[in-house]
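Good morning, and thank you for joining this group meeting. I would like to take you through selected parts of a structure that will be new to you.

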Amino acid sequence: MAYPQPTTPTMRPAPAQAPHPGQGFRPQQQHPGQQQQQYPSRPGTPGQQGGPPGGVPPMGYRPPVNGGHPGQNFAPRPGMNGPGPRPPHPQDPNSPMYQQQMRRPSAGGASLPPSPSMRPPMPIGSQMQNGSPLQRPPPLGGAQRAQSPMMRPAMVQPGSPGMGRPFQSPQIQARPPPQQFMGQGQNTAPGSPAMNPMGYNAGGPPPNGSIGHPGQNQSQPPTPKMPFQQQQQQHPSQPPLQQQQQQQPQFQDPGVPALGPPTPVAGGSHKPKRMYPTAQPEAFQENAPSAYDSGFNGGFQPAPVPGAPAAQGFGGNQMPSGGQQGSQFFVPGEKPSPNFGQAVPAYQQGLQPLAGQPLQPNVNQLTNQMGDMNVGSGYGFNNAQGGASLSTVALMGVAPKVLDLESPPPTINLPANSSITQSPHANCDPSYKRSTLNAIPNDSNLLKKSRLPFGLVITPYRSVKEGDEPVPVVTDAIIARCRRCRTYINPFVKFVEGGQRWKCNMCFTLNEGKFVPSSFDYDTQTQQPVDRWQRKELNHAVVEYIAPTEYMVRPPQPLVYLFVIDVSYPAIQCGMVATAATTILESLDRIPNDEGRTKIGIITVDSSIHFYNLNNESGEPKMLVVSDLEDPFLPQPEDLLCNLSECRPTLEALLNRMNDMFKDTQNVGNALGPALQSAYKLVSPIGGKILCLQASLPNLEAGALKMREDPKLLGTSKESTLLQSASSFYKTLAIDCSKSQVCVDMFLFGSQYSDVATLSCLPRFTGGNTFFYPAFTAAKSEDALKFAHELAEFVSQRIALEAVMRVRASKGLRMSAFYGNFFVRSTDLLSLPNVPRDQSYSIEVSYEDNLHIPIVCFQTALLHTSSSGERRIRVLTLAIPVTTSLSDVYLSADQVAIATLLANKAVERGMNSKLDDARDALTNKCVDILGVYKTHMTASSSGATPNLQICDNLKLLPLLTLGMLKHVALRGGSQIPSDLRSYAMHLFSTLPSQCLIPYIHPNFYSLHNMPENCGTIGQSGIEMPTAMNLSSERLERGGLFMLEDSQNIFLWIGRDAVPQLCLDLFGVPNYESIRGGKTTLPTLESDFNQRVNLIVAKTREMRRSSYYPQLYVIKEDGDPALRLWFLSHLIEDRAEPVMSYHQYLGHLKDKVNSGSF
């Protein structure tokens, strides 16, 4: 149900603006014989009729010409709305054109036949002859239909067949349209909406996923289509010739004119005029809406006038409100931008021209032309089939289409037969590995020219959820590798000489003999021949091998968990110790222990180190205390790590009484450094995982830290010193742990300074994770639930142990920089003592030589030990085509992968240099990309432009950049504690793209008026509402809104919320009774409460992560701190000291116009 809203919104609504007439507009007069036409009222405006006041027809309408049938209207031609007298109709007997045609003498004194470009004159107004449809006369002498002199040229390939015509010539306009095609007898006037005068497929979705009315068209007049042709829709990216071939009729109806390609002029070559490329034309369909259908925009569509803005009247290129697309200015060749929800004053739909300046020319056509000029032959991307064309969009003046953040990356268009099998899994899934560019420049100069970052985002140990394809495992221990570069065989190698040899796709070495195992074709166990083309490694880009003994330097290690728990006074007081002990106790059954090899141990620490003997024969745990912190030792080391299955009763007894053991402590000491040294000595012979739970700052002996938070440094150039490690002890210990295959994970609690920057060094260099719980108190059930959930999920994960990872690339490329939590053992070998689930790594790629190959391949090999004790090799292979075209490079750019890589680079820059440098680097990179695109890919190659333009697949990159600049990790100001900033930087470096993008750009939903199906279980699970733009203008005074960033969930409720909403959702009678802050939604019997609870639950579990978002209820007039925290996520608004989205676009535009690219 939709709850009623107050009449006065929170934000001042946009003032209603009357349609501004276009340049040269003059009112049209009513034809004497024409009846007064009633225009439908604009939805959402009660009592107001659509169109101009007073019954004036919409802009662009003109009455029928002399002799026209009453009610029959024609679409205006370009220039018909301009000042001055109206040109006469070409078939008017009084017109000069008609008289000149009649006076043309021939050689013998007789009148010449009409020109091949002319149609014979036909009577206007007579659409039916003897009850049969009026047939279209065929071309005279097979001549091609003439082009209108009013047409503007378009940048298309000369001689391209099958091109639609955007404007009809006067002779064609004067002809009555065909009325009955295949049994359809509807009278349709040219220019009416039923004839689709401006371009999308009638009854079909508009291009680019924009939301519009089914019958609305935004391009050019179509040609009639047969019913059988309506089922043969061609993708817009296919060449015109293919579209024409699909449109050839297979039969001819006697009463239907032939629809085929234009016939060339006989007796000579014809030089076709350039025309605007049109979308697939489609008209006269059974489901095409009539001009008088209810809910459809009445009136007639105005033709765009070259060089002048389109009219904005309701009868023009505008749709009714109520979920449909809003009015837009029409720019030939550009796709319209949708209107998102209600009218937003800051987002005027359409491209706003400057005063006295026309709209931008057709930049798409110029882009395609420029891309064709440097397209090379013989390269993979240029020879690939089904590639999409470059689409340029304007950024300023329109709301960003945030729904596209969920879109898949640009398609990788490989040449035909690139892989040896036709498996759909031959190339790597982007959730495992994705590139910032899905078409690789053939040399470094083209990459530098594009200014686009080139790198990989890898999540090698991605979790497998329900419905995901499991990673195939090769169990026969047959591993075929290149003898030179050691590349694993994959779907992109080539078999030669009858399959006896294979050519490596990295170094192109021919491999033979033992490098082509005979078992590829013959199974020695079953003594039967096998089909090598069915092998998993030749059909899947992601595959795992069971590693033989030569890949081991020691037996596979067991899974080891050693908990180091702070039991000082702050830890006991906040309830961390009790919560941790209970969670570990309840998670013992979830810890992986397939073969009974898992080991576990516990160390507690305050001013002393407490070890526990879990192998005691009595079944009771025995505490061993070491007070020598300068040189700690291990008492009874053989009994401190015990087999989980064998010591289970003793371990349970210890965990049950742990909180009572220290409940009366007053010890505030914390010897974390000596405790970690002892834990390292205990685990290093085997390798494993150390989980450190700390609630106070280490203050004794080695690794002691001091309170160094200085408010005077926050927001200054010296703030970066607070983000660096304060002690070299932890980095040195981390390197030693990495060498011994020991991983350290940090769980940090505290109501005061915790020095996350220093303590997170241990996970950063050992492949671990950091969890931070500021102001934690177990007395709040929400805090205890979050910590318990994350700790339980973390210890129950099936992870990779003692791993090394190497990324190989085709000859000419190399890995130049690495970002994430690992230790670089050599130039390209990463040491990972643990590989947690869903942890991401970013790698920058550089050139060593030019690329003279059609495709390049990147192969990631992860040698690891699984949680079940098997030594395995996970191989990820990604193939990308090579191109010589700058337009192809931009067309293939992945904005999500680019944002992920830039976030990692910004964190590295902010920690090692200054935060200002990191912020400037992000803005400068965005300026470079926009500037290069403006200079090389649009018509505005030089000089200032009134708008910013970028290709459609990068249109949200400025928004993501602004989101990073406004994020806690990088935002300027003196109000952000260094602990929160350091933790946010850690998340920037480790979150996979699926979680990082909402962390940068949160999802924003309206719940009080969501559709009835939202919050219910559908075919794909729980249905979620549609995401909105992050602007406070979307807020309503009596509304309920949800915002989530993968770490927190906010419910904003307006002060004028109706009592029924408060009762249905919170179970309270009114708004004043709602408790704000961190809370848990009650479970009620109301339908609305159950739907919202399902949406919150889906938000918590839909991503691949161990994090558990907490729920906050934000009241509009509630806690100011919570209110500001919520509003800081609305990144399209202005928030000091960062600009709003539109101000930021203006800032980028100024830099682009003043720069040289």
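This is a predicted model: local features need pLDDT of at least 70, side-chain atom pairs count only at pLDDT 80 or more; totals for chains, interfaces and linings use all residues.

Two packed helices are described by the angle between their axes and the distance between the axes.

Let me begin with helix α17, residues 895–912, and helix α19, residues 957–965. Their axes come within 10 Å, and the crossing angle is roughly 25°. Because angles under 35 degrees count as roughly parallel, α17 and α19 are described as roughly parallel to each other. The crossing of α17 and α19 is right-handed. Which residues of α17 and α19 meet? On the α17 side they are Q895, I898, A899, L902 and A903, and on the α19 side L957, L960 and M964. By class, this contact of α17 with α19 comprises seven nonpolar residues, one polar residue and no charged residue.

Helix α17 has a further contact to consider, with helix α21, residues 993–1000. The axes of α17 and α21 also come within 10 Å, and they cross at roughly 75°. An angle of 65 to 115 degrees counts as roughly perpendicular, and α17 and α21 are therefore roughly perpendicular to each other. Here V896, A899, T900 and A903 of α17 meet S993, L996 and I997 of α21. This contact of α17 with α21 divides into five nonpolar and two polar residues, with no charged ones.

I turn now to helix α9, residues 576–586, and helix α15. The axes of α9 and α15 come within 10 Å and cross at roughly 40°. The two helices, α9 and α15, are therefore oblique to each other. In passing α15, α9 makes a right-handed crossing. From α9, the residues M576, T579, A580, T583 and I584 meet A784, F787, A788, L791 and A792 from α15. The contact of α9 with α15 holds eight nonpolar residues, two polar residues and no charged residue.

Helix α15 also takes part in an aromatic pair. A search of the whole structure finds 28 aromatic pairs. One of them is formed by F747 and F794; this pair is edge-to-face, with 5.8 Å from centre to centre and 75° between the planes. F747 belongs to strand β20, residues 742–750, and F794 to α15, residues 781–795, so this pair ties together parts that are 47 residues apart in sequence.

Next come the sheets. Strands of a sheet pair through backbone hydrogen bonds, either parallel or antiparallel.

R434 stands opposite V457 in β6.

Another open sheet has five strands, ordered β30-β33-β34-β36-β35, and its pairing is mixed. Its edge strands, β30 (1003–1006) and β35 (1077–1078), each pair on one side only. Between β30 and strand β33, residues 1040–1044, the pairing is antiparallel over four bridges. S1006 stands opposite F1041 in β33. Helix α23, residues 1087–1101, packs on this sheet and touches β33, β34 (1048–1053) and β36 (1110–1115). The direction of α23 makes about 10° with that of β33.

That concludes my presentation, and I thank you for your attention.

Technical notes. Residues are numbered from 1 along each chain as its sequence is written. Side-chain values use heavy atoms; hydrogens and water are left out. Axes are lines fitted to C-alpha atoms, for helices over the stretch in contact, and angles run from 0 to 180 degrees between N-to-C directions. Angles under 35 degrees count as roughly parallel, over 145 as roughly antiparallel, 65 to 115 as roughly perpendicular and the rest as oblique. A crossing is left-handed if the near helix is turned anticlockwise from the far one by less than a right angle, and right-handed if clockwise. Contact means heavy atoms within 4.5 Å. Ala, Val, Leu, Ile, Met, Phe, Trp, Tyr, Cys and Pro count as nonpolar, Asp, Glu, Lys and Arg as charged, and the others, Gly among them, as polar. Two strands pair if DSSP finds at least two bridges between them. Rings of Phe, Tyr and Trp (its six-membered ring) pair if their centres lie within 6.5 Å; planes under 30 degrees apart count as stacked, over 60 as edge-to-face and the rest as tilted.
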